[in-house]
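Here are my notes for you to read alongside the model. Take them one point at a time, and keep the structure open as you go.

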Amino acid sequence: MSQNHRYVGRSLPRLDGPAKVTGRARYAGDLSLPGMLHGKLLRSPVPHARIVNIDVSRAAALPGVKAVITGRDTPGIKYGNWRLMPETQDETPLAIDKVRFIGDEVAAVAALDLDTAEEAVRLIRVEYEELPAVFDVAAALADGAPLVHDEGKLTSNVSLDRKIDYGDLDAAFAAADYVREDRFTLPPVSHAYLEPCACLAEADLEGRITIWTSTQTPYIVQCLLASTLGLRENDVRVVKPFVGGGFGGKMELRPWEFCAAFLARKTGRPVRFALTREEELATGRRRHPMRIRSKVAFRKDGTLLGKEFEVYLDGGAYNSMGPTATFLCGNFGAMLYRYPAYRYRGYHVYTNNPPAGAMRGFGAPQALFAAESQMNIAAAELGIDPIELRLKNAMVEGDEIPGVATVSSCGFVESLEQVAAMTGWKEKKGKLPPGQGIGVGCYSFISGGVFNWFNTQYEFAAVEVEAYDDGTLHLKTMASDIGQGCDTVLRQILAEETGVSIERIRLTAGDTGATPKADLGTWGSRVTLMAGNAVINAVRSIKDQLAGVIAARFDLNVIHEVAFADDRVFAKARPDRGLSFGEAVRMATRANRGRALVGRAGYTPRNKGLVTPAFSFGAQVAEVRVDVETGVVRVEKVTTAHDCGTVVNPMAVEGQLEGSIHMGLGYALCEELKMEGGRTLTSSLLDYKIAAAEDMPPSESICVPTFEAEGPFGAKEAGEGLASPTAPAIADAVHDATGFRAFDLPITPEKILRGMGRLDE
Amino acid sequence: MPKVAITLRVNGDLHEVMVAPHRTLDEVLRDELGLIGTKVGCRTGDCGACTVLLDGKAVSSCLTLAVEAAGREILTIEGLAPGGEELHPLQRAFVEHGAVQCGYCTPGMILAARHLLDKNPTPTHEEIRRALSGNLCRCTGYAKIVDAIAAVAEKNRS
Amino acid sequence: MALPRFEYLSPGTLDEACALLAEHGADARPMAGGTDLLLRMGRTGRAPSFVVGLRRVPGLADVRFDREHGLSIGALASLATVAAHPDVIRHYPALAQAAAATATVQIRNMGTVAGNLCNASPSADTAPPLLAHGAEVLLHRREGERRLSLSRFFRGPGRNALEPGELLREIHLPPPGERTGSDYQRISQRSQVDIAAASVAARVALDEEGICRSARLALGAVAPTPLLVDEAAALLEGRPITDEQVAAAAALAVRAARPISDVRASAAWRKKVIGVLAARALRAAVEKALAQ
């Protein structure tokens, strides 16, 4: 990392901080327009049924109700994020003839106020013919199981599968000294972002839509909203206001967005929908529950020979982002270590549960809980220290994952070494008194995907920069800050690249009507690398022109390098020969006969394999104390060493890490959407428990220095991969403390006591 | 049910509003007075995003009837630093310490912190964590929030 | 979800409040802090026709203590007030612990101890220490007032002994004795901030030789109502409290518990930990008694 950077590498407080601490930041549910109506959805109370009849007459007759719609009133066009495989697009905004989960959207109301809308929803009478339903993978795959989707070509509830094969796995198992097979079960958990989803839509007199919505993917919403409404893409403008967290849960078109837009056109008035927390938890997207079987082969010296990894994903009633999770699980199952042979089988299974979708880590938290737990088990049985075993097999720069990618920058070995040193690992592991334990978990993650499942025609990220003669810049991008801080980071990158002070950079972001096409949104840890690269690419032409201005003005020899720093443009070797940035822009604009100085470019990863342009790596150690009489676990410390390339904003990266630990700790110990017959029992934040401040352990961390050639200033992913290591690390520490090894999450006190033989049934 | 006329004293300003008895304080602050800094995260008193100070005490405005708040002193995030661009020390500390990510929990979090510091100007880290029991955050893991409040407490100490 | 509609009545005296409750019967509910009542309305979508707010009734928020009469907690005294009250902390420590452990800062600022009892949740934090301290409730109606021991106030989950037109005006605890200690232990599987999955309050009074003069052990969240384990008291009284005595009393607590399984914990685990908590609470109560 260069010491000369003025912005990159600095812990700059986020630039939207003042708006947020004063309550001036407006989120979708805070917005209103004159004449606005309030929308409310009617959801299915049954998990699987044919809709025989819907009677909306009493609802429509209620004073104050302006419109009631059912699926039959809509174009009924199917949608889904996987446009590349249209057969996976299996949702309609409102159910047409069948409901498939408790919460499936059936009808929508727009009324003068929320009380009236809620009352109207209660007055809609739906006649259901209930169908047999399936609530787990085993039932869904049983002979004669009812088909969740019987309308297409599918003959089973497996909506899609994915295979990966390389190396000679049978030979690996035959040659192995040690083979270990385990089964793991992962529960559904919720994003539990603090801001429940909301949106506000209005239609102009030509029928064009503007929608402000709580989304992490404005472009995806624009495209899919247009297609489901039967409009042209350019007739839909999506604006992302401040967004109160997403974590993958806000990256699709959602029924309320469609209904708000449809009802706005129908009534001629703005329509706002705001979900309740109960709707979010009981019917919203969740992390995929999975069943994983993993079989791994080692030589007795600890050398990995191969792995077989089989995953069944409970996708719920629709595909949602399940295809990507099925795909990525297979990749994450083979990350971190060198597997000469690997076989993956992944099956995405429909059930009558609420659909699962993308959630922070996206297949990695599940796959790595299994893989890392198994690594710890194997280490114990091979009699090798778990960190030593990892070091022996760790991926390094230049390693090839056959058919998938080549590992570019890689600080995994350093991460393992550092985390061991920071925690005094060798003195502690296996040597702590009963009830105390230490454990390790590791991760690798992608810096954005290269697989174009959305089938966009545009670049993956795009940026426009305009330079003005007052020495300011205007940065326009569809990239979406949902709390992770990219509005600040992208301005840091632009400021570093141009030498223009960051406070002189104005930003317009996440508005499909005002920013260049396209940006696929905030997911897969893609924004810093992809939009960051787009920023650098976009400003290149501006810098070229300004360099030309300086060269001409000061008659510079062609070999001079022109520098951009401190709001000036100047000959690097003769800093006195230069102009302020604004003056240089003025001269360039004059030279261009008034044409504005605009740079516009994008970034699309090309020739980067199938998964990602760059992988992050890291290792984490958890230390716990278990009350062996009650089974209650107290996590006492979490220590992390990770490789995210050049750290653009250390404070933001730390914040991502600490938030990841929160989510990982919850996944390990206390979070679970409890289900019964397709119904989510934990539908409040009292029953669905996320950790409070008192539950959180202190965290210590370092970033190991690497430089990612493909990333802006050497940066790559930070913050999403970190969602994975905490659960296996805590599980390993609990094992160290109690002898109980968890194969399913969450690791509740009663599981621990039962595992210790201390709970009589 | 007929609406009743009440006077709410919010951030020092008097507002006369007509409210139905079943309206909660968060609804009236947001919908009638336009004070959208008070956030709605659950409406069951679990998340703390709607925290306001009522007669100096942190309460969940989603579980407070507006009619019961009439005549009492209400402080919302908008009233914490009344003077234009100047930030309250807690607000400044939250920005500078990276205690803000998505920002949705932030107003409630800051008001809960203000309630703590009013009672105890120099709390320990442990006391700070306990004082945030009613405020959930999904982004930060609370670490930098605790740091920010501790930094203000540290200034109070000196 | 918006709250369902209701009419709000705001009586100025206790008798006026009781008159309104008597007049409207099942159509009216009294409201102190509102944290339970409004929450339930939002969740079920059902409201009584009338909510009788008690805020304007004077004197109900008081907490009074003297060595002769003991502790009086008015119907509007908040959980936060009780938790922070120096006399409660000193003389009824289990109650202070329980009030401080209930829900969150915000809920404690709004919710009342009396409301916590009237809600009659089996897991109400303040119920076990109040039972252990021998609390009585003063139930007021226009015709007069009756006193009821708290153990007879709870009738089942969500059900209490209040009759139509009757209000819980005050909770009364007898004066603390010499060498008396109490302690409250609670547990959640998931978080420091959670409804208790099981809880225990213990109070012991010792004589100068360390013989147990009186003992009480009360359980929460493991039966349809908060529960006094009389057998444990009988076992402990009249003897020194040894480790064996503690273990035996804890075993009686386990035997008395009749827990259910729900989203927070299984019955089996609740039964297991109630014994652990009982032993811890008893030991801590003895320590506090000895420290006096």
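1. Let's begin with a facing pair: His642(A) stands opposite Cys703(A), a residue of strand S30(A). S30 (residues 699-703) and S27 of chain A run parallel and are joined by 5 bridges. Strands here are DSSP runs (E, at least two residues; helices are H or I, at least four), numbered from the N terminus, and two strands pair if DSSP finds at least two bridges between them.

2. A word on the source: this is a predicted model, in which local features need pLDDT of at least 70, side-chain atom pairs count only at pLDDT 80 or more, and totals for chains, interfaces and linings use all residues. Residues are numbered from 1 along each chain as its sequence is written, chains are lettered from A and ligands numbered from 1 in the order written, and side-chain values use heavy atoms, without hydrogens and water.

3. Which strand pairs with S27(A) in the antiparallel sense? It is S26 (residues 615-626) of chain A, over 10 bridges. Val621(A) faces Thr639(A) of S27(A). The two strands make a hairpin with 6 residues between them, and Gly631(A) in the turn has a positive phi of about 85 degrees. S27(A) (residues 633-643) is mostly covered, with 8 of its 11 residues buried (under 20% relative accessible area; exposed is over 50%, partly exposed in between, with a 1.4 Å probe and protein chains only).

4. Most residues other than glycine have a negative phi, and most peptide bonds are trans. Arg593(A), not a glycine, has a positive phi of about 60 degrees; Arg593(A) counts as exposed, at 78% relative accessibility. Asn607(A) also has a positive phi of about 60 degrees, lies in the loop between S25 and S26 of chain A, and is exposed at 80%.

5. Look for cis bonds too. One joins Leu745(A) and Pro746(A), with omega about -10 degrees, and Pro746(A) sits in the loop between helix H18 (726-738) and helix H19 (749-755) of chain A. The bond from Lys517(A) to Ala518(A) is also cis, with omega near -5 degrees.

6. Finally, turn to chains B and C. Here 28 residues of chain B are in contact with 24 residues of chain C (heavy atoms within 4.5 Å). His22(B), Leu63(B) and Glu68(B) supply 30% of the area that chain B buries against chain C, more than any other three residues (buried area is the accessible area, 1.4 Å probe, that two parts lose on being put together, summed over both).
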